[in-house]
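Visitor: Hey, could you walk me through this one? I'd like to start with the rings and then look at a helix.

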Amino acid sequence: MIRPTTTDDIAAILALAVSSGLFPPDATDDVGAVLAASLAGESGPDHVWLTDDDGGPVGVAYYAPERLTEGTWNLYMLAVHPDRQRQGRGAALVRHVEHALAARGARLLLIETSGLGSFEQTRAFYRALGYDEEARIREFYKAGDDKVVFRKLLGAPRHT
């Protein structure tokens with residue numbers, strides 16, 4: 001069941017982010033602060049956290065608009081507990097995000113990930129969902145670790 005995230009989910013989502021390898025344990029303070037601020041409405045009404053709930057949070061997605069653009073959004077976080085991966089949960093969360101954004105007239109969704117070899121499965125996942133690699137910024141995260149940006153149009157292109 002995909003549902004909006006609540007403040008009661010914060011600890012479980014931080015543990016999920018660590019167990020899935022998305023963030024190291026020492027980065028959870030920053031993620032927790034962003035999550036708490038967003039759920040309190042301090043980040044603005046368009047910052048959305050979703051939880052895949054199966055007797056407790058087993059997946060999470062966080063997306064928000066790209067400032068100073070028309071209809072461009074970013075999927076900033078997608079994590080599924082390792083025991084629940086390869087069950088279609090991540091794909092279901094991404095599709096849920098895509099449908100929600102398309103319903104509000106969004107036109108483009110961007111997703112960033114690492115260029116390290118250990119993230120090849122992640123990049124293959126986004127390609128399988130119809131995302132194209134749009135950009136690669138070499139050495140972005142650290143020496144030898146590129147930022148890879150994927151993009152997908154949400155609905156028919158608009159002509160003005």
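This is a predicted model: local features need pLDDT of at least 70, side-chain atom pairs count only at pLDDT 80 or more; totals for chains, interfaces and linings use all residues.

Visitor: Where do Tyr63 and Trp73 lie?

Guide: Tyr63 is in strand β3 (residues 57–65) and Trp73 is in strand β4 (residues 72–80), so the pair ties together parts 10 residues apart in sequence.

Visitor: Are those two buried or exposed?

Guide: Tyr63 and Trp73 are both buried.

Visitor: OK, what about Tyr126 and Phe150?

Guide: They form a tilted pair too, 6.0 Å centre to centre with 45° between the planes. Tyr126 belongs to helix α4 (residues 120–128) and Phe150 to strand β7 (residues 145–153), 24 residues apart. Ring pairs also join Phe125, Tyr126, Tyr131 and Phe150 into a cluster.

Visitor: And what sits over the ring of Phe140?

Guide: That's the charged end of Lys147, 4.0 Å from the ring's centre.

Visitor: Switching to helices: which residues of α1 are buried?

Guide: In α1 (residues 10–19), they are Ile10, Ile13, Leu14, Leu16 and Ala17. Looking down the axis of α1, the buried residues fall within an arc of 160°, so they line one face of the helix.

Visitor: Why would residues a few places apart point the same way?

Guide: An α-helix has 3.6 residues a turn, so residues three or four places apart point the same way.

Visitor: What covers the buried residues of α1?

Guide: The cover includes α2 (28–39), β2 (48–53), β3 and β4.

Key. Residues are numbered from 1 along each chain as its sequence is written. Side-chain values use heavy atoms; hydrogens and water are left out. Helices (H or I, at least four residues) and strands (E, at least two) are DSSP runs, numbered from the N terminus. Buried means under 20% relative accessible area, exposed over 50%, partly exposed in between (1.4 Å probe, protein chains only). Rings of Phe, Tyr and Trp (its six-membered ring) pair if their centres lie within 6.5 Å; planes under 30 degrees apart count as stacked, over 60 as edge-to-face and the rest as tilted. A charge sits over a ring if NZ of Lys or CZ of Arg is within 6 Å of the ring centre and within 35 degrees of the ring normal. The arc is that of the directions from the helix axis to the C-beta atoms. Contact means heavy atoms within 4.5 Å.
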